[in-house]
Amino acid sequence: MAREFSAGGVVLRKMRGSWFLAVIEPHMERPKKPTKGRGPRPRAAATVIALPKGTIDKGEAPEQTALREVTEETGVRGELVCKLVDIKYFYVRSWGDRARVFKIVSFYLLLYRSGRLGDIAPEMRIEVQRAFWLPLKDAPSALSYDGERKVANSAIEYLEAHPELGTHATNTAH
């Protein structure tokens, strides 16, 4: 069985007294246009809301991957606070060898420091349709993947246990 290792970031920003989380809407395969005639119509693809993450490059520490992926996929830079959690799951590749894969994604808590959300390189637009700030309180229900909803809950629990983090946050309305 193949194994894959990725890392991602939970970038938090305090705005107008509330915590927000940087999320992405990845480009997904869209269904083909309906054909004329009878038969079932293809359903519209659901919008996917996810956390920024990606494969750990050779020689790169997971923390470095999380910081890099956040910047590449969202346009913002964050400061590492701590490791939040690892999520583990199996999937079957939909390309190439169709192998069954065991995947571990390490997520890190980051505080927003600079950058403009959505200001990403043109080549990243192939992967990321848009990036936006989501109220952290909504993340456990708004994120598309079960594992990432658990990550959001871990971030909420961390903030509740470390209220002093709010005094170090950039509190702007941009």
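How many helices and strands does the secondary structure of the protein chain come to? It has 4 helices and 6 strands, where helices (H or I, at least four residues) and strands (E, at least two) are DSSP runs numbered from the N terminus. Along the sequence the pattern reads β-β-β-α-β-β-β-α-α-α.

Some ground rules. This is a predicted model, so local features need pLDDT of at least 70 and side-chain atom pairs count only at pLDDT 80 or more, while totals for chains, interfaces and linings use all residues. Residues are numbered from 1 along each chain as its sequence is written, and side-chain values use heavy atoms, with hydrogens and water left out.

Of the 174 residues in the protein chain, 41% are buried. Buried means under 20% relative accessible area, exposed over 50%, and partly exposed in between, with a 1.4 Å probe and protein chains only.

Now two residues. T74 sits in helix α1, residues 62-74. T74 counts as buried because its relative accessible area is 0%. Setting aside residues up to four places away in sequence, T74 has contacts (heavy atoms within 4.5 Å) with several residues, including A22, I24, P52 and R116.

M28 lies in the loop between β2 (18-26) and β3 (53-55). Is M28 buried or partly exposed? M28 is partly exposed, because its relative accessibility is 34%. Leaving out neighbours within four places in sequence, M28 is in contact with V48 and Y145. M28 and I126 are 98 residues apart along the chain, and their C-alpha atoms are separated by 9.7 Å.
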